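Q: I am new to this structure and would like a close look at a single part. Could you walk me through the salt bridges and the places around them?

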Amino acid sequence: MTNPVTSLKRISDHYKTLDAKDKRSFWIDGLLNNAIYIILVVFVIYTVIKNPRVATKDSIINLISLVAANLPMALGIGGCIVLTGTDLSAGRVVGLTAAVSASLLQATDYINKFWDNLGEVPIVVVLLVALLIGGVVGIVNGFFVAKFQLHPFIVTLATQLMVYGACLLYFMSNDNNGQPISGLSQTYKDVVTGSIIGDLTGGALVLPNYVIYALVVLAIMWFIWNKTTFGKNMFAVGSNPEAANVSGVNVFKTTMMVHALAGVTYGYTGVIEAARISSNQPGTGLNYESDAIAACVIGGVSFVGGTGTIGGVVLGVFLLRIIFVGLNALSIDNNMQYIIKGAIILLACSIDMRKYLSKK
């Protein structure tokens, strides 16, 4: 990893060699390329001034919890973006796996059980089922992208509709008639939303368990991206699939694996989300993918392909959650927040493309 002090010194030495015109361009480019971060810093400062409660311990814990809930899904989509693609099916996969998880992990004495005669299912088994569902959807996405060279936008739009239809059928099955699936077992809720850290600290620091799980997922994904042949191949395919193929990289296999891994992260997110929201409905997961995509782009995962870091995805998720927490703290209308979210995605993508064109 590059030493920040060394990097700053190199930039400083380079700046000293520039003439007046180039120095002016240096500052203009720097401001434009980092405009979204500058805007976010100003926004955070303004929010804290207007509503100091957002800087309290409880608000910070809430922010960390939201980041942990959204991070795994963003890490999955990040890999698809590295391949110059995206995944519009992600949110619906979360919704389907959340519904399946909730239906399998209801309390045995709950009066409106989805599966009447089903006893207590081990959480690990349900997790594996959810990961399998997500992985299968990811494999389908990867196959059509890799085999038929279809654009990921089209493929994942199609699977988004298919998965949503499957989710609606699931909610209508077993005489459930589309009703929310709730009444989760206490064991399930304790495992996901309980707090081992809170117990160890005597309640001084109460972070839900899924924060710890998110850190584990983060470590695994960092290792995959940075320390495995698969990770190197992913960036090679994203940069130039033809060159990667000539170099001996199996482009088909790599594309399949990236989408399958993404699907697995969606399945995991579904298990966490089911316990986190308690009452699961057909709309669970709606637009989750837009948040994940926005977070990745904000964090520097480029749609031009072959560029991105795990740290950048974490930063992007964190910054995006700060925005939403701040908007709520400022009592901004929920409908208006959709407009702001869209503007953020558009701005981030525009800055990303500007950086790319300036390098050409």
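A: Let's start with the term itself: a salt bridge is a side-chain nitrogen of Lys or Arg within 4 Å of a carboxyl oxygen of Asp or Glu. In general, side chains of opposite charge can pair when their charged atoms come close. Please keep in mind that this is a predicted model, in which local features need pLDDT of at least 70 and side-chain atom pairs count only at pLDDT 80 or more, while totals for chains, interfaces and linings use all residues. Residues are numbered from 1 along each chain as its sequence is written, and side-chain values use heavy atoms, with hydrogens and water left out.

With that in hand, look at lysine 341, which forms a salt bridge with aspartate 291; their closest N and O atoms are 2.9 Å apart. Lysine 341 sits in helix H16 (residues 334-359) and aspartate 291 in helix H14, so this pair ties together parts that are 50 residues apart in sequence. Helices here (H or I, at least four residues) and strands (E, at least two) are DSSP runs, numbered from the N terminus.

Aspartate 291 has another partner: arginine 321 also forms a salt bridge with aspartate 291, with the closest N and O atoms 3.1 Å apart. Here too, distant parts of the chain are linked, as arginine 321 belongs to helix H15 (residues 310-329) and aspartate 291 to helix H14 (residues 288-298), 30 residues apart.

How much of these residues can be reached from outside? Buried means under 20% relative accessible area, exposed over 50%, and partly exposed in between (1.4 Å probe, protein chains only). Arginine 321 and aspartate 291 are both buried. Lysine 341 is buried because its relative accessible area is 13%, and aspartate 291 is buried with a value of 12%. Through shared partners, salt bridges join Asp291, Arg321 and Lys341 into one network.

A search of the whole structure finds three salt bridges, and one of them is the pair of glutamate 273 and arginine 276, whose closest N and O atoms are 3.1 Å apart. Both partners lie in helix H13 (residues 251-277), and because they are three residues apart there, about one helical turn separates glutamate 273 from arginine 276. Glutamate 273 counts as buried because its relative accessibility is 3%, whereas arginine 276, at 29%, counts as partly exposed.
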